Amino acid sequence: MQWFSAENVVAVGTAFLGIVASGIMVWYERRVPRRKRVGYRVQMDNPIGDDVRLGRANVRLGLFDETPEMSDATLVLLRIENDGSQGIDRDDYTSPEVHGLTVVFTDRTIRGVSVTQPSDTDHLMDHFTPSRGFGYDGNTLRIPRVPLNHGDHFKLLVLLSGGDVGSPIRLIGGIREGEVHPNRSATPDEKPPLFSRAARLITITLTLSVLALATIVVARDDNPPPIGCETGSLRVTGSTAFKPVVEELAKQYEKKCPDAHITVDAHGSSAGVNELTALGGESKNGARDLIAFSDGPAIGGSSALVGQRVALSVFTLVVNDDIQLPPTGLSLTDVRRIYRGEVTRWKQLDPSLPDLPIVLVSRNADSGTRQIFQRRVLVSWERVASTSLDCVHKDDASAPVMRCELDATEDVLSKVAQLPGAIGYSELTLASGHRGLRTVPLDGAAPSVEDIEYGRSDYPYRGVEYAYTYGRAPAGSLASAFLAYLGEGVSENVIRAGGHLPCSATVASGLCAGD
């Protein structure tokens, strides 16, 4: 082996620089833990009147000269921006009041305020309303909780009277895991540099080293295999509730590994697990290219099935938009009475509800969403038998309520939105984006992924998504590579974006361990 070959020298040098840079970043993270930052600066503080105590008055015409109380008036332009590395949401402001930030103009009185936003931004102005806390009183200006992406800013032009030019101007407020601080720049609209000179030098050096190493490696081998990629075809079946996430995961894996082809064919959790069991029973090789996703564990499945916890999913009851339940939703007791057929009209639950018959829109027996509903909410089976094929005409006139069964989550949502008095259940993200229906809190707890993740809610209708193979997926197979990919950072982001909690990121909390 040539220890001092060009690629070894570049590799060792890159590794050394990487260790040094990592050490610097660790030090920086310990010394500067805050990443959410709201910065502000006064870009203008000028006198208008001729009776100011500091500064020189401008030449005035029109309203500036004729309006009363302008003799000691001043104009202040205040810029407020997100100069941190992360976006800031409404809930990141720590103020106990409706508004998020407060500006205090020492010894001056506010006469008027004008807000401007950059020409390439169109969402900030919607937050500056009195209902969201925007207003002023005396020398105090209240600023709403304005969401700011990295680099976003807005400006406040404030007309004041009394006091001196240059009197202290303070922005008061707090940011969760961050800070509010004054900043400065050489010119009014100049943004502070994103990286320091040292950081830029390290980045350029590392980039050049990596490019040099990549050039050497590519020159020696024109077709380096992608790390973690396998070739071939894989079919994924099972849960329809988790289908949108699986489709995006398959798309991202194929993007990373162009020689892999993944087909998503969801027909319900039990149907997918049963198909996997049948193919594996015929021939283990017949099931090596099949993965079945299930809402909850595969109850009663073959002992040969091997499951991997993938995500914690939150589900919800949904009702037609005409059913305006109270903010606390339904109690678990009322839900169980409804699904036992003991309550047949909405008005029986609450006189304020419409006098409409209850229509139960359920999933078929292959549905994992239904199994979790029965196990976690009803604590029993759905006792009312199916009495309608189309959810409109009752085929059994003696049944207390109309109940139908549908094959997919999307079918349930569409039917509940169409039928007055209908109630059903669904995965939360799919339900939240659907028109014509409402999600239902249970025992006062709203369906919320965030509340469950941070331990603020005991909302019961939730379950773990499993990925099943028949036997352990062979090393080097596409199924094994795809299952490993589910625990990577890109996959965790996809799972979160789909409204679920990745189990690989919830090990410490144990949220996926109990199912």
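This is a predicted model: local features need pLDDT of at least 70, side-chain atom pairs count only at pLDDT 80 or more; totals for chains, interfaces and linings use all residues.

How do the residues lining the second largest pocket divide into nonpolar, polar and charged? I get seven nonpolar, nine polar and two charged.

**Pocket**

I stayed with the second largest pocket and looked up its volume, which is about 330 Å³. Its lining has 18 residues, and Ser 270, Ile 299, Ala 365, Gln 371 and Trp 381 are the ones nearest the centre. Helix 5 and helix 7 are the elements that give two or more residues to this lining.

**Helix 7 and Gln 374**

Helix 7 covers residues 368-378, and Gln 374 is found in it. Is Gln 374 buried or exposed? Its relative accessible area is 5%, and the cut-off for buried is under 20%, so I put Gln 374 down as buried. I then listed its contacts, leaving aside neighbours within four places in sequence: Val 379, Ser 380, Trp 381 and Glu 382. Trp 381 I had already written down among the residues nearest the pocket centre.

**Cores**

Next I looked up the largest nonpolar core, which has 47 residues. The members touching the most other members are Leu 317, Val 335, Tyr 339, Trp 346, Phe 373, Ile 423 and Tyr 461. Elements giving it two or more residues include helix 5 (269-282), helix 6 (332-339), helix 7 and strand 16 (422-427). Which element gives the largest share of this core? That is strand 13, with six residues.

Not counting residues up to four places away in sequence, Phe 373 touches Leu 317, Val 335, Tyr 339, Leu 378, Glu 382, Tyr 425 and Tyr 461.

**Disulfides**

How many disulfides does a search of the whole structure find? It finds three. Counting bonded cysteines along the chain, I wrote the pattern down as 1-2, 3-4, 5-6.

Cys 229 is joined to Cys 257, with 1.8 Å from S to S. The torsion about that S-S bond is about -75°, so I noted the disulfide as left-handed. Cys 229 sits in the loop between helix 3 (197-220) and strand 10 (232-238), and Cys 257 in the loop between helix 4 (243-256) and strand 11 (260-266), so the pair ties together parts 28 residues apart in sequence. Cys 229 has a relative accessible area of 16% and is buried, and Cys 257, at 1%, counts as buried too.

Cys 391 and Cys 404 form another disulfide, with their sulfur atoms 1.8 Å apart. I read 95° about the S-S bond here, and this link is right-handed. Cys 391 is in the loop between helix 7 and strand 15 (402-406) while Cys 404 is in strand 15, so the parts tied together are 13 residues apart in sequence. Both Cys 391 and Cys 404 are buried.

Cys 503 and Cys 512 form a disulfide with sulfur atoms 2.1 Å apart. Their link has -85° about the S-S bond and is left-handed. Cys 503 counts as buried at 7% relative accessibility, and Cys 512 is buried with a relative accessible area of 5%.

Terms used. Residues are numbered from 1 along each chain as its sequence is written. Side-chain values use heavy atoms; hydrogens and water are left out. Helices (H or I, at least four residues) and strands (E, at least two) are DSSP runs, numbered from the N terminus. Buried means under 20% relative accessible area, exposed over 50%, partly exposed in between (1.4 Å probe, protein chains only). Contact means heavy atoms within 4.5 Å. A nonpolar core is a set of buried Ala, Val, Leu, Ile, Met, Phe, Trp, Tyr and Cys residues joined through side-chain atoms within 4.5 Å. On a 1 Å grid over the protein atoms alone, a cavity is a set of points where a 1.4 Å probe fits but cannot get out, and a pocket is an open set with protein on both sides within 12 Å along at least five of seven lines; lining residues have an atom within 4 Å of a point. Grid points are joined across faces, edges and corners, and a volume is the space filled by probe spheres set on the points. Ala, Val, Leu, Ile, Met, Phe, Trp, Tyr, Cys and Pro count as nonpolar, Asp, Glu, Lys and Arg as charged, and the others, Gly among them, as polar. A disulfide is a pair of cysteine sulfur atoms within 2.5 Å.
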